[in-house]
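Please view the sequence and the structure together before reading on.

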Amino acid sequence: MAEKKTLTRKQVRLRRKRRRRRILFVLEILILLLLVAGLFVFSKMGKMNFAELNFEDLGFNTGVSENKTLKGYTTIALVGLDNREGSLKQGNSDTMIIANINNDTQKVKLMSVYRDTYLRVGTDSEGNGIYNKANSAYNRGGPEQMITMMNTNMDLAIQDFVTVDFNAVAKAAELLGGVDMQLSEEEIEHLNNYCVETSKVTGMDYEPLEKVAGTHHLNGVQTVAYARIRYTAGDDFRRAARQRDVIYKLVEKAKTCGIGTLNKIIDKVFPDIYTSLTKTEIISMAMSMLSYEIEAQAGYPFDHRWGANVEAAIGIDCICPVTLESNAVKVHEFFFPEEEYVPSEELKAYSQRIIDKSGYDDSSRLETSEDGDLESYRQATGIQ
């Protein structure tokens, strides 16, 4: 057995110095690659549609925009328009997801806002509140009105948005190689039906899926069609969960894509994106993408009623938060667990307005299933 060689102090110092040099060299290469990637993406951003939001046009309840806890997070409204005319500045926002990023941990939470939720969506010429389905806010006043709707009904301080349409999602999914989804026979039937229109809107091809339950690989058109399904158990609640699942899988795939795929995505998808984020903010988020982790998902309102009785009371077929105030408490518990949240006076007033209109107060929360909502809600969310 060979004797172990003893190093002199000088030799040890030299080895340590060389090791430090190698580590520094590797770090320098990584930094250089990040800078090159950043400059590459920056050079492509002329293709994107940028919006300049006026802070004064956004609505905030009293004290919310100064909340120190909320400033530790980046909160962005993600919007999907069901718009056949190609405009990203107006239309019904049939997909609304609030993405909340913890700036310290890089953990991400996603919360869908159900499109038919009865909320305060704006004001009339005399300053009186207008209450309607949540998805009408974007069509009423663009992204500013939609952000205001989210902020004032939940005591949030959202200041940015990203809007896409069918084309952006279909192209991104296609370029990332599609996604695998576990489908029931019922979902496959509806997916194939939705594919017909989605293919016409996007100009992209697809093959109908065989009606066999199990895991299926979906291309771009099929991925969008899957995210549009709402005629199964769980209705729109389940559809919102499908949309969050699609986002999760696309994000995970994007983390591993090569520079060639990234280039194609930028060239083909960026023109179908409308956002208030600046180029610098997008570059910063892109460089942090590998460290982002989607840790939790939810749907809003957490507690609600819907069905014939709600429609008779309110006058439209909608989802009634029960109550707006108690749901705001759950929103803050979900996004900001360390916060000692107290609902604003404005939100309390909006909540009482909905109670007066619907007749549903906190005692009405998921007590019966006479409207059919309890079972659908359980199927959609897993809550028992």
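## Overall organisation

In the protein chain, residues 24 or more positions apart account for 73% of the contacts with a separation of 6 or more, a contact being heavy atoms within 4.5 Å. The model is predicted, so local features need pLDDT of at least 70 and side-chain atom pairs count only at pLDDT 80 or more, while totals for chains, interfaces and linings use all residues. Residues are numbered from 1 along each chain as its sequence is written, and side-chain values use heavy atoms, with hydrogens and water left out.

The protein chain has 12 helices and 13 strands, taken as DSSP runs (helices H or I, at least four residues; strands E, at least two) numbered from the N terminus. Of its 384 residues, 49% are buried, that is, under 20% relative accessible area with a 1.4 Å probe, protein chains only. The accessible surface comes to about 19,400 Å², and 50% of it belongs to carbon and sulfur atoms; the areas come from the Shrake-Rupley method with a 1.4 Å probe.

## Nonpolar cores

A nonpolar core is a set of buried Ala, Val, Leu, Ile, Met, Phe, Trp, Tyr and Cys residues joined through side-chain atoms within 4.5 Å. The largest has 51 residues, and those with the most contacts inside it are Ile 98, Met 111, Met 146, Met 149, Met 150 and Tyr 300. Helix H2 (residues 136–154) gives the most to this core, with seven residues.

Leaving aside neighbours within four places in sequence, Met 146 is in contact with Ala 77, Val 79, Ser 93, Met 96, Ala 137 and Tyr 138. Another core, of 36 residues, lies apart from the largest one and includes Phe 166, Ala 172, Val 224 and Ile 265.

## The cavity

On a 1 Å grid over the protein atoms alone, a cavity is a set of points where a 1.4 Å probe fits but cannot get out, and lining residues have an atom within 4 Å of a point. Volumes are the space filled by probe spheres set on the points, which are joined across faces, edges and corners. The structure holds one cavity of 30 Å³ or more, and the largest cavity has a volume of about 60 Å³.

Among the residues lining the largest cavity are Asp 94, Arg 115, Asp 236 and Arg 239. Strand S3 (95–102), strand S4 (107–113) and helix H6 (235–254) each give two or more residues to this lining, and H6 gives the most, with four.

Notes: On a 1 Å grid over the protein atoms alone, a cavity is a set of points where a 1.4 Å probe fits but cannot get out, and a pocket is an open set with protein on both sides within 12 Å along at least five of seven lines; lining residues have an atom within 4 Å of a point. Buried means under 20% relative accessible area, exposed over 50%, partly exposed in between (1.4 Å probe, protein chains only).
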